[in-house]
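I opened the model today to look up its pockets and a few residues. My notes follow.

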Amino acid sequence: ALPSRFDNPSSPAVRSPCFSDPAFHETLRTRIGREAKKVRYDYYNVRLHWTGDEFFLGPNVCHSEHCLKRVRAHLAEEYGSVAALNAAWGTSFASFAEATPCQLRELPSKDRLARWLDHKLFMSALFAAEWVGRPADLLSAASPGSLCGPTGTQVPVYVAASKKGLK
């Protein structure tokens with residue numbers, strides 16, 4: 001295994017919350033809508049909101065059924081064929097449905113990072129879309145004209161990437 005200071009062995013393989021889980025999306029939608037009405041943002045003309053301070057994705061990637069479904073669709077689009085994926089990852093999957101990324105600590109060597117890195121890059125885009133972009137969109141729908149985003153020292157690209165969308 002490849003040890004790394006960026007990998008947390010005690011971190012679970014499924015994030016909580018899982019950014020791809022429809023239940024998480026519904027909870028977020030309900031909470032933001034409820035709070036926007038309760039606090040009466042429109043009445044008080046509150047338009048600028050923050051979603052959190054110095055949050056980040058973390059070192060590990062999510063292996064929930066929801067994230068795996070989305071990352072597999074992304075891999076199919078990115079690689080085009082299972083043969084190309086297998087060549088990059090050093091694997092022998094028969095289909096994209098079998099493709100399973102790994103945690104950094106599970107890589108056999110540092111010479112072939114694609115199996116972890118593809119998933120990590122996907123999760124970064126997912127984090128931007130679902131943790132930064134979705135709340136901003138929901139808040140804007142609940143209180144038109146509102147803007148929101150993170151504060152602190154997290155990577156600014158998350159805010160820009162949240163505007164691009166993710167399938």
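I started with the lining of the largest pocket: helix α1 gives the largest share, six residues. The model is predicted, so I kept its limits in mind: local features need pLDDT of at least 70, side-chain atom pairs count only at pLDDT 80 or more, and totals for chains, interfaces and linings use all residues. Numbering runs from 1 along each chain as its sequence is written, and side-chain values use heavy atoms, with hydrogens and water left out.

The largest pocket has a volume of about 370 Å³. Of its 14 lining residues, L28, I32, W50, T51 and P135 are the closest to the centre. At least two lining residues each come from α1 (22–39), β1 (48–53) and α5 (114–142). By type I noted nine nonpolar, three polar and two charged residues in the lining.

Next I looked up R29, which lies in helix α1. R29 counts as partly exposed because its relative accessibility is 44%, and the partly exposed class runs between buried (under 20%) and exposed (over 50%), with a 1.4 Å probe and protein chains only.

Is S143 buried or exposed? S143 is buried, at 1% relative accessible area. S143 sits in the loop between α5 and β2 (147–151). Beyond its neighbours within four places in sequence, S143 is in contact (heavy atoms within 4.5 Å) with Y41, D42, V46 and R47.

Note on methods:
1 Å grid on protein atoms, 1.4 Å probe; cavity = no way out; pocket = protein on both sides within 12 Å on 5 of 7 lines; lining within 4 Å. Points joined across faces, edges and corners; volume = space filled by probe spheres on them. Helix = DSSP H or I, 4+ residues; strand = E, 2+ residues; numbered from the N terminus. Nonpolar A, V, L, I, M, F, W, Y, C, P; charged D, E, K, R; others polar.
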